Amino acid sequence: MMIDMSSEERELAGMVREFAEAVVAPQAYEADRTHTLSMEVVAQMGDLGLFGLPFPEEHGGQGGDYFALCLAIEGLGRVDQSIAITLEAGVSLGAMPVFRFGSDAQKAELLPDLLAGRALAGFGLTEPEAGSDAGATRTTARLDGGEWVIEGSKQFITNSGTPITRFVTVTAVTGESEVNGRVRKEISTIIVPNGTPGFTVQPAYDKVGWHASDTHPLTFDGTRVPEENLLGERGRGFANFLSILDEGRIAIAALSTGAAEGCLEAAVDYAKSRTIFGSALSTRQNAQFTLARMRARVHSARLAWHHAARLRDAGRPFGEEAAIAKLIAGDAAMDNARDATQIFGGNGFMNEYPVARHFRDSKILEIGEGTTEVQLLVIARALGLAG
């Protein structure tokens, strides 16, 4: 199902779908079972130009837009959410901050490999006491002899410990100011190359889902990096991150839509082939109604992220629409995963079936890059409701 798309966009969606079916899907079960991100698949995504989709050609990108990136993420999410989030985070949280806020020297040094898929990067925002409340950041960075000295920790950082991870960008408190009698933290973003002394990538998490996605806690103990590793303007780290987060919500909505569609397709195929009391499960009205609701969720989710992405690419405000898209699509993924598992019955509880993986994977879509509650808060504020 493709809505208001150009021939080039349809071609891209078809290419990603073929790649997902031929390359990604066959390795998904084993990668999930062994908690292993396939660097071969990542390299092939790089060869296809997926990591460079929304970036200008002058930086090594494909000259596309954010809509094109989201098409690719949706196509991958349909068969393997771990691979889809690797692409989403690699672009939205890895390369995009450098492209949007980096100096010319930082762009020249870092973007070519990131956009080619030869390198990955993480974004270190979340901490044990600072998730949705990013203003509660405790990690600090102080200048000493032309270097930033970083102390603190981060958690749930995607793409931070792969064999090709080049760096992480971390938010840190770099000072304080008083505004109307209240002390406010000055939060900046700093690039920390992997392998820097004092920077430790801790062992990977044992997660409920997204087993093949690379996710680690990070610690910084007297970590020193050059002063020029500041990314963007000092004190603008939190504001810059919020703009990146709005875009990321559209991408997560696209991923969620792909997951919801993957569950629908699997459930339809299974219902047609499963015989119960002498007839196909698909002939039962209760199964038909379940599948019809699943179809409606996919359609609504896709409309929502398409709209938000088109607004973003047109340079128009899109924050509320991004929140709506993530809310609708995240719910669609989780609801479709649950219903697909029910259609499959006992088989749906077996990890060899993709719907079981989607059931485990989809819950994070209601949490990551802004929880459901945060999306509701954003929408409520857009309605002029004070909190």
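## Close-up views of cavities and nonpolar cores

**View 1. Lining of the second largest cavity.** Lys 326, Leu 327, Gly 330, Asp 331, Leu 365, Glu 366, Thr 372 and Gln 375 line the second largest cavity of this predicted model. The space inside this cavity comes to about 30 Å³. Helix H8 (319-344) and helix H10 (372-382) each contribute at least two lining residues. H8 is the main contributor, with four residues. By residue class, the lining of the second largest cavity has two nonpolar, three polar and three charged members.

**View 2. Lining of the largest cavity.** A search of the whole structure returns two cavities of 30 Å³ or more. The largest cavity holds about 40 Å³ of space. Its lining consists of Pro 97, Phe 101, Phe 123, Thr 169, Thr 189, Leu 231, Gly 237, Asn 240, Phe 241 and Ile 244. Two or more of these residues come from each of helix H4 (81-101) and helix H6 (237-273). H6 supplies the most, with four residues. The lining of the largest cavity divides into six nonpolar and four polar residues, with no charged residue.

View 3. An unreviewed UniProt entry lists residues 235-383 as "domain: Acyl-CoA dehydrogenase/oxidase C-terminal". In the model, this span is 74% helix and 3% strand.

**View 4. The largest nonpolar core.** The largest nonpolar core has 88 residues. Those touching the most other members are Met 45, Leu 50, Leu 76, Leu 87, Ile 250 and Trp 305. Helix H6, with 17 residues, gives the most to this core.

**View 5. Surroundings of Ile 250.** Ile 250 is among the residues that touch the most other members of the largest nonpolar core. With residues up to four places away in sequence left out, Ile 250 touches Tyr 66, Cys 70, Trp 305, Ala 308, Ala 309, Arg 312, Phe 318 and Ala 322. One of these contacts, Trp 305, is also listed with Ile 250 among the core members that touch the most others.

Notes
Residues are numbered from 1 along each chain as its sequence is written. This is a predicted model: local features need pLDDT of at least 70, side-chain atom pairs count only at pLDDT 80 or more; totals for chains, interfaces and linings use all residues. Side-chain values use heavy atoms; hydrogens and water are left out. On a 1 Å grid over the protein atoms alone, a cavity is a set of points where a 1.4 Å probe fits but cannot get out, and a pocket is an open set with protein on both sides within 12 Å along at least five of seven lines; lining residues have an atom within 4 Å of a point. Grid points are joined across faces, edges and corners, and a volume is the space filled by probe spheres set on the points. Ala, Val, Leu, Ile, Met, Phe, Trp, Tyr, Cys and Pro count as nonpolar, Asp, Glu, Lys and Arg as charged, and the others, Gly among them, as polar. UniProt positions are given in the numbering used here, feature names are shortened, and annotations may be inferred rather than shown by experiment. A nonpolar core is a set of buried Ala, Val, Leu, Ile, Met, Phe, Trp, Tyr and Cys residues joined through side-chain atoms within 4.5 Å. Buried means under 20% relative accessible area, exposed over 50%, partly exposed in between (1.4 Å probe, protein chains only). Contact means heavy atoms within 4.5 Å.
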